[in-house]
Amino acid sequence: MDNKTATVLKQFQKDAVNNGTAVFKTCLNELSKLSKVSKSYNENKRVIVSDVGALLFEAPTGSGKTLMAGHVGENISQLYTTTNILTNERIPKVIWFWIAPFTGLIDQAIRTIKKEFITLRAKNPSIDRDPTDLKSGDVFVTTWASVAVSNEASRKVRQGTEEMPSIDSLVNNARAQGFVIGVIIDEAHHTFRGQTQAFAFYKNVLSPELTILITATPRDKNIDHFTKVNGITNLRRITVSRHQAIEDHLIKEGVKVAVFKAPTDVQSLIDFKRTALKQGVATHNKIKKTLLDAGQTLVPLLLVQVDSDPGSVDQTVQWLKEMGFRTEGKSSLIRIHTADEPDPYLSTIAADESVEVLIFKMAVATGFDAPRAFTLVSFRSNRDDDFGVQIVGRILRVDRRLQHVQGLPKELNYGYVFLSNNSNQTGLTSAAQRINQVKTELASVTTNVKVVPIDIPEMEITQRGAESFLSYDGGNEKNTVGDANKKVELDQTKANELEKNNNVFKNENSPIVTAKNIYHVDLFKEWGLINESATKYSDSELNSQSSKWSGYFYYLNKDLGAPRRFRRARLSLNNVDIVQHIVGRFRFDDDSLLAAQQSAAKIIMEEIEIFGNTKERPEEVRAELAQKEVDAKAQLTLLSVDDLDVINIRELHEALQNQFRIEIERKGIDHLFDTEDKVRSGFHKILALRPLQLKRAVSEAVAQFTESIECEPLPDYINTFEPLDPSRLNLYGVFPEDLNTWERPFAEYLDNDLSGIVKWWHRNPPRKGFSVTMPLPGQPDFYPDFIVGINGRTRGNGILLIETKRVINDQERNALVKTQAVHPDYEKVMMVYWEEKREWQIVEYDPKTDKNFIDRVLRPEYFASY
């Protein structure tokens with residue numbers, strides 16, 4: 001076999017290989033001591049294998065994990081020529097099962113085995129399962145999907161034929177011939193995730209004496225779970241730090257991650273995918289030129305990870321074509337590999353420098369080796385740091401041709417990632433932190449197979465039914481299950497007595513004033529159980545009232561100066577063409593017409609080196625608008641103005657677009673909109689970029705037809721079954737019973753005003769003829785919570801409407817429309833928010849973000865001028 005191109009190991013790699021070889025040599029030596037006819041053979045074998053039969057190579061992608069694991073496998077496979085000096089027994093032969101994460105990486109694994117390891121013999125178990133042709137060092141390369149899935153059609157190697165036995169039989173035959181079984185699991189953190197069939201195949205069919213796990217993900221919980229399930233008591237870890245691999249020029253110094261941040265008003269309209277790709281291509285071209293200037297012939301590879309949106313691959317190809325890449329025929333610079341469109345020659349792309357761009361979805365993100373890749377653009381939304389480790393790994397490697405070149409430009413010491421979704425940065429940053437935590441460390445070679453018995457205290461049941469191994473000493477007696485149950489019974493008895501007493505107290509404190517019990521009223525007042533403002537009736541009055549109502553009556557205080565009738569607003573659109581009025585008020589001004597021509601926006605590109613957690617100087621870049629997002633925002637703008645259900649949106653859209661045509665002709669710029677698509681696109685940009693234009697036009701048109709009418713007079717009294725707490729400034733002298741948990745504290749805030757600014761306040765109940773209301777988008781009638789009379793207020797006839805809110809930005813946009821509410825008589829409604837149940841804050845609406853925000857702490861002095 002030609003092994004001239006095999007990689008020369010670095011010193012740290014040699015140390016790791018020697019360490020792993022020593023661990024497995026110890027395992028095989030211990031196994032060779034056992035007598036197979038002994039009754040305790042299987043148990044003793046299990047103890048040895050669980051202690052010194054499993055290795056974990058834990059190192060950053062690009063540091064040679066696979067190479068080190070393969071050399072350990074090769075060294076161990078040659079030990080069969082040696083003898084255990086204590087037992088004079090030969091060390092057994094070994095065959096290996098190499099588990100790749102994906103089918104597309106099988107060829108890559110086979111090619112690596114053939115190239116790097118002289119005495120290992122790669123085999124494909126799909127076509128080569130001859131038990132008579134087994135040699136120590138045979139490596140069967142497969143995937144879990146081929147051997148460990150429930151679908152029989154997908155695991156044909158588990159089924160025997162006339163020519164070949166099943167893989168299960170092959171394992172049994174090998175053991176009968178004296179072979180031990182070894183397993184090398186590449187990308188171990190990924191392949192065991194939730195695969196119960198893989199666990200079963202590994203444990204019950206392979207049942208290996210030797211296991212090598214390979215991962216770039218430190219301390220991964222899935223590997224910990226794997227070791228527990230399979231009884232591996234001592235996973236021997238061989239770890240390599242990132243800095244060690246950097247010193248030996250195997251991986252780049254770092255990875256710079258770029259994210260894009262746009263102003264809030266255009267953020268939803270930016271085509272971040274195209275922007276990320278454009279910047280990624282620019283960096284790829286700079287790397288290409290830098291390599292040429294440095295005298296290097298290496299052609300860099302650009303990786304583009306698309307998402308699962310329909311047409312994402314075709315769209316990306318089209319963008320790349322527009323950016324200068326050939327996309328057709330044999331001269332195409334682009335290759336595609338997805339589950340729907342797999343590239344049969346994927347494994348050759350790393351070396352094929354006629355390919356400059358590889359478009360992929362998921363599979364390439366794990367285990368694919370492409371050392372000439374410097375730049376990666378990702379459209380996917382994924383914050384998972386495990387996935388971040390894999391993404392970073394694709395561009396960390398240093399191509400072998402550059403590993404010994406001195407004085408390379410610093411730009412070539414980094415990989416570059418461009419994210420269309422800036423939230424993905426979290427996963428990459430976490431991944432970098434995890435990789436940084438790994439320190440170079442070799443595994444212990446000594447065995448540790450002594451079984452130590454552990455005394456476990458008797459489990460007890462606690463009072464609440466939880467299991468506990470802790471004893472509780474209640475005095476001198478142990479708190480047993482019986483004692484606990486007795487205690488629960490006693491507690492329940494006390495609870496029943498307390499509930500009974502509470503009911504008695506509640507009944508005594510809740511008198512109902514009727515003709516039959518009116519003689520108790522004076523006594524209740526003396527006890528302080530009812531309000532002084534409750535009216536006492538004469539016998540004749542009580543007899544006449546009792547037939548209608550039993551309870552408490554509170555009369556309107558006319559001395560506070562409140563009007564007897566308030567005013568309400570209503571919409572009157574009889575025989576009105578509201579669309580025509582909206583179009584007439586829509587402002588196609590110069591700013592709007594500029595928005596119609598806008599095709600891009602300036603946004604900020606931030607770049608962070610994730611391993612050092614250092615931030616570069618931000619750069620302003622040009623980002624194109626996504627017409628699809630513009631159309632969606634325009635539609636949302638149109639629909640959001642018709643919450644009153646009085647506008648024909650289709651008619652409004654057509655009428656406004658026709659008016660837009662007229663306006664661009666008047667301005668002499670109609671040549672810029674020479675097709676129907678361009679006209680529609682331009683008009684939609686106005687709606688998307690200047691949504692307040694339409695909102696203002698609709699508000700003005702609707703306001704023209706909003707009329708103010710007088711409400712019904714306030715009732716002379718209110719009546720309740722329960723007595724109400726007294727109020728100083730309420731129009732009825734009490735705190736109404738329908739106030740919720742945040743309205744009551746605000747009512748008390750008004751009532752406790754010592755400045756003299758609050759003259760009176762009234763709870764504005766919904767759906768009453770005497771209540772103040774106004775039409776609002778999304779609800780036909782809006783009833784502000786409070787009507788307040790203010791001393792010194794010249795606006796709103798001296799009256800202020802106040803709405804309290806527990807949530808200032810709800811999904812239904814309820815609070816959003818209320819902060820913008822304006823009554824024709826009482827003017828703007830004030831919204832207040834009880835922040836952390838400590839201070840009342842004034843809430844305002846921000847048209848730029850289309851969200852409410854907390855503006856300032858509420859003070860009574862603000863009431864007069866608001």
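Visitor: What is the bridge partner of Ile802 in β32?
Guide: Met830. Keep in mind that this is a predicted model.

Visitor: Which strands does that bridge belong to, and in what sense do they pair?
Guide: Strand β29 (residues 799-805) pairs with strand β32 (residues 830-835) in the parallel sense, over four bridges.

Visitor: What is the order of the sheet with β29 and β32 in it?
Guide: The order is β25-β28-β29-β32-β33-β34. That is an open sheet of six strands with mixed pairing. At the edges are β25 (758-763) and β34 (851-857), each of which pairs on one side only. Neighbouring strands in this sheet are turned by 35° against each other on average, direction ignored.

Visitor: Switching topic. What is the order of the seven-strand sheet?
Guide: β3-β4-β2-β5-β6-β1-β7, again open, and the pairing is parallel. Each of β3 (121-123) and β7 stands at an edge with a single partner strand, so one side of each has no neighbour in the sheet.

Visitor: Which strands does helix α4 touch?
Guide: Helix α4 (residues 106-116) packs on the sheet and touches β2, β3 and β4 (138-143). The direction of α4 makes about 165° with that of β4. Another helix, α9, lies across β1, β5, β6 and β7 and runs at about 170° to β6.

Visitor: Back to β1. Why is it largely enclosed?
Guide: Five of the five residues of strand β1 (residues 54-58) are buried, so the rest of the structure largely encloses β1. Ala54, Leu56 and Glu58 point one way, Leu55 and Phe57 the other way, and all are buried.

Visitor: And which residues stand opposite Leu55 and Phe57?
Guide: Leu55 stands opposite Ile212 in β6. Five bridges join β1 to β6, and the two run parallel. Phe57 stands opposite Ile238 in β7. The pairing of β1 with strand β7 (residues 236-239) is also parallel and has four bridges.

Visitor: What is Leu28 in contact with, leaving aside its neighbours within four places in sequence?
Guide: Ile76, Leu79, Ile91, Pro92, Val94, Val180 and Leu210.

Visitor: Last one. Which residues of helix α8 are buried?
Guide: Ala198, Phe199, Phe201, Tyr202, Val205 and Leu206, in a helix that covers residues 196-206. The buried residues of α8 pack against β2 (94-100), α5 (144-147), α6 (167-176), β5 (180-185), β6 (210-215) and α9 (221-229).

Visitor: What follows α8?
Guide: Ser207, whose phi is positive, near 40°.

Technical notes: Residues numbered from 1 in each chain as written. Predicted model: local features only at pLDDT ≥ 70, side-chain atom pairs only at ≥ 80, totals over all residues. Heavy atoms only, no water. Buried < 20%, exposed > 50% of the residue type's maximum accessible area, 1.4 Å probe, protein only. Contact = heavy atoms within 4.5 Å. Pairing = 2+ DSSP bridges. Axes fitted to C-alpha atoms, helices over the stretch in contact; angles between N-to-C directions.
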